[in-house]
Amino acid sequence: MTLDVAWAVDWVRASAATVVEHRDELVELDRQIGDGDHGENLKRGFTAVLAKLDALEAPPATIGDVLKLVATTLMSTVGGAAGPLYGTAYLRAAKACGSSSVDSAGVVALLEAGLEGIVARGKATTGEKTMVDAWSPAAEAAAKASADGAQPAQVLEAAAVAAAAGAEATVPLVATKGRASYLGERSAGHLDPGARSSQLILEAAVAAADRAA
Ligand code: ADP
Ligand code: MG
């Protein structure tokens, strides 16, 4: 089984829906350890992505085309740290997916490229209370599931479950990157907003894959 361009478009639309739905939660999480703009930043960005998708004259030819549209739109509309971080993630993922469908190994390549983009841009490693703490276990779990012979939807499911655990595990961490690091020890005891939004985006990928089945 493979996932196609329609899945990628559905994933992006579902990402927009979940980001809009969780806007207030993401704002509140960012209010606790940042400046309270994460939910609004992502809502603005993904709303712009939807407008771009709706304005396309022809459906995108490849999954990479879909992800590149997301990348360029988020980079120009999100602002803050998350704009360039997610923008680079989608751009790298786009480069890893130049075809019209992905198999399980392709899903792993997509997720690993996204993680590499975030790390290249933000220079964070795991344990620094950032979105890397969701993406890194997600990519790892995806690779393991794929090696075990899982179908693409199950690979994404494994990634989303690991991202959820990784996001939850940011609560006790002290932030050492990004705005939350200004709080030092006081950043402990709060869920990282970027890890939470990353979890939501990966869960949207699963929902889209389930609909494609
Ligand atoms: P800002 O911090 O500029 O207000 P956002 O609120 O949109 O930007 O995004 C904050 C999120 O960005 C954090 O919760 C964290 O997950 C992520 N982040 C910040 N700095 C980094 C970094 N250097 N590497 C990875 N992720 C980071
Ligand atoms: Mg912020």
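1. In this predicted model, a backbone N or O atom of Gly 122 lies 2.8 Å from a nitrogen atom of ligand 1, a polar contact being a pair of N or O atoms within 3.5 Å. An oxygen atom of ligand 1 is 3.0 Å from an N or O atom in the side chain of Asp 37, and another entry of this kind places a polar side-chain atom of Arg 179 at 3.3 Å from an oxygen atom of ligand 1. Taken alone, ligand 1 exposes 560 Å², of which the protein buries 92% (Shrake-Rupley method, 1.4 Å probe).

2. The shell around ligand 1 holds 20 residues, the closest being Asp 35, Ala 81, Gly 122, Asp 192 and Gly 194, where a residue counts if one of its heavy atoms lies within 4 Å. α9 (193–212) is among the elements that give two or more residues to this shell, and α9 gives the most, with three residues.

3. Asp 30 counts as buried because its relative accessibility is 8%, whereas Asp 35, at 38%, counts as partly exposed (buried is under 20%, exposed over 50%, partly exposed in between; 1.4 Å probe, protein chains only).

4. Residues are numbered from 1 along each chain as its sequence is written, and ligands are numbered from 1 in the order in which they are written. Local features need pLDDT of at least 70, and side-chain atom pairs count only at pLDDT 80 or more, with side-chain values using heavy atoms.

Notes
A polar contact is a pair of N or O atoms within 3.5 Å; within protein, one must be able to donate a hydrogen and the other to accept it, and residues adjacent in sequence count only if both atoms are side-chain atoms. Helices (H or I, at least four residues) and strands (E, at least two) are DSSP runs, numbered from the N terminus.
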